[in-house]
Amino acid sequence: MSSQKSKVKSQKHEITFFNSFLLVTLVLVTDAHAMHISEGILPFNWAALWFAAAVPFVAYGLYRLKKLSAVDPSFKPLVGLMAAIVFIISCMPIPVPTAGTCSHPAGTGISAILVGPAISVLVTAVALLIQALFLAHGGLSTWGADIFSMGVMGSFAGFLTFRALRSVKVNMAVAAFIAGVLADWATYMTTSVELASGIRGDSPFLPLFYKILIAFIPTQLPLGILEGAMTSGMVVLLYKRRPDLLVKMGVLKAEEAAL
Amino acid sequence: MKLFSEHFQKEHPVVKFDVRAKLAVVIALLLMVLSYKGVLFPLFIAAGCFLLCVRMGIPLRVLFLRMAQPLFLAVVVLALKCFFTGEDTLFVFSLPTSHFPLLTLTVHRDGLIEGLKIAGRMLGAVSLVIALGFATPFTEFMAGLSWFRVPKGFIEIMMFAYRYIFMFLEDAHTIYSAQKNRLGYSGMRKGLRSFGTLTGSLVIRGIDQTQKTAEAMTQRGYTGDMPLVKKRPLRFGEFAVAMVFIIFAGAIWMI
């Protein structure tokens, strides 16, 4: 009996290949939720914390919306349009060859580049609420956490990267690509933090965080690149066909559009 | 468009029930489910919501499709918790060649209990939101949010987004079919290029559409604020039913 116990104890501390394989396989199959934390997964205190973290950003987004729509009445329909784009992009399955399955991009990189990070947080909040209520994708209790990972982290990472690269004269396609990639990866990094902190119980945070992070890599790494390509494709297409729209949104200066 | 839950709504008293009362009940139950320390209460709520949806005439296939992803995630979390966290060993799966660690898997009792709690919480909470989605039309929901003093700007953006989603889906389907017919997704490079063109075209068409919408709305007297459906005063009967329901659920939650 005691020999069996010691055997079990020694085995417990081993991370066997089978266990790791099972973990990776299990998490890979859930990648449809890569950006959205499902309803009820976070306990009350964590759900409330992420709500509290997201609310100031949404409030600032509403303040910016009020200010900008007072100048241009077509701004609200435009923001509604961006919310619809984020909704559709984050519902759109994209094949991920390494996993042999499908996942979805976030779309916050492109929305942050086009309408700015503050409005992009608002756009994400709207898209996530519609998905939670009418598709059971994400959730009401995890709305705050999803806004924070996808809206706040995704939008700010995408926007700041794009602006920083453009300020050092990096090509628009490359800047948009990197912005899209980082927006996606920032989102999944934050989702990993939220998931690990929410489901860890009494277990230590870091080991679970690393497990979730590593398990997400095979899908989210190529997915981030796909999101970068999509963001770049959209910005370049707008630049080629309708540079006036980019000037209107403040992405491009009038003299750059004339070149 | 069979995408949204409200498409499957049928004539049922719960659908006609005041949205404010429904929202109050769902939020109260959601808080109870999230703060519950066991498994039974969330499962009781999940079973209740499932029966309600069936009574509302929601096809079982649709119900299972809505539940499939959260259900699967619940199983995954359960597996993660019982295999990878905890100290107290419940049992060990091992094939005859157990000296080879590749084929050994340990189930932990404390991990299993914790996993069951999370999975139960997920099922209870998801069922509540699914039932709310099936029982509430979008416009009613907007009116309810307005009554709860959700900022008007937020509600307006939600209404615009809802309108554009359908427009986009139609356009996206048309463009995607055209691209697919011309072998636009026959390889990785081609697929990426086609996808970029698809999303870019949708954005350009959408932005043009917003300009037209704004012009049309301005011509009809739009000054930046959209009128919302005004809710009738809350009926005492509906309020009382909601309160009794919350108190009843609260009593079960405390037991």
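The legends below describe close-up views of a predicted model. Local features in this predicted model need pLDDT of at least 70 and side-chain atom pairs count only at pLDDT 80 or more, while totals for chains, interfaces and linings use all residues. Residues are numbered from 1 along each chain as its sequence is written, and chains are lettered from A and ligands numbered from 1 in the order in which they are written.

**View 1. Chain A and its secondary structure.** Chain A holds 11 helices and two strands (helices are DSSP runs of H or I with at least four residues, strands are runs of E with at least two, and both are numbered from the N terminus). Along the sequence the order is α-α-α-α-β-β-α-α-α-α-α-α-α. Of the 259 residues in chain A, 57% are buried. A residue is buried if 20 or more other C-beta atoms lie within 10 Å of its own, exposed if 12 or fewer, and partly exposed in between, with C-beta atoms placed from the backbone. Among contacts in chain A with a separation of 6 or more, 75% join residues 24 or more positions apart (two residues are in contact if their C-beta atoms, placed from the backbone, lie within 7 Å).

**View 2. Helices α6 and α7 of chain A.** Helix α6(A), residues 117–135, packs against helix α7(A), residues 143–167, at an angle of about 145 degrees, and the axes are 9 Å apart. Axes are lines fitted to C-alpha atoms, for helices over the stretch in contact, and angles run from 0 to 180 degrees between N-to-C directions. The two helices cross in a right-handed sense (right-handed if the near helix is turned clockwise from the far one by less than a right angle, left-handed if anticlockwise). Residues making the contact include A:Pro117, A:Val121 and A:Leu128 of α6(A), and A:Trp143, A:Met150 and A:Phe159 of α7(A).

**View 3. Surroundings of A:Phe148.** A:Phe148 sits in helix α7 of chain A and is buried, because it has 26 C-beta neighbours inside 10 Å. Leaving out residues up to four places away in sequence, A:Phe148 touches A:Trp50, A:Ala53, A:Ala54, A:Met153 and A:Thr190. A:Trp50 is 98 residues from A:Phe148 along the chain, yet their C-alpha atoms are separated by 6.9 Å.

**View 4. A:Gly201 and its contacts in chain B.** A:Gly201 is in the loop between α8 (172–199) and α9 (205–241) of chain A. With 17 other C-beta atoms within 10 Å, A:Gly201 is partly exposed. Apart from neighbours within four places in sequence, A:Gly201 is in contact with B:Thr85 and B:Glu114. The C-alpha atoms of A:Gly201 and A:Pro43 are separated by 9.5 Å, although the two residues are 158 apart along the chain.

**View 5. The side of chain B that touches chain A.** Contacts between the chains involve 71 residues of chain B and 66 residues of chain A. On the chain B side, α2, α4, β1 (89–94), β2 (104–108), α5, α7 and α8 each supply at least two residues. The largest share, 15 residues, comes from α8(B).

**View 6. Helix α3 of chain B.** Helix α3(B), residues 40–55, has 16 residues and reaches 22 Å from its first C-alpha to its last, close to the 22 Å expected at 1.5 Å a residue (the expected span is 1.5 Å times one less than the number of residues). B:Phe41, B:Pro42, B:Ile45, B:Ala46, B:Cys49 and B:Cys53 are buried. Seen down the axis of α3(B), these buried residues fall within an arc of 140 degrees, so they line one face of the helix. The arc is that of the directions from the helix axis to the C-beta atoms. B:Leu40, B:Leu51, B:Val54 and B:Arg55, on the other side, are exposed. The cover over the buried residues includes α2 (19–35), α4 (60–84), α5 (109–135) and α9 (236–254) of chain B. Just after α3(B), B:Gly57 has a positive phi of about 90 degrees.

View 7. Helix α7(B), residues 152–181, and helix α8(B), residues 188–219, pack at about 140 degrees with their axes 10 Å apart. The two helices are therefore oblique to each other (angles under 35 degrees count as roughly parallel, over 145 as roughly antiparallel, 65 to 115 as roughly perpendicular and the rest as oblique). B:Leu183 lies in the loop between α7 and α8 of chain B, and its phi is near 55 degrees, a positive value in a residue other than glycine. B:Arg149, in the loop between α6 (138–147) and α7 of chain B, has a positive phi near 65 degrees.
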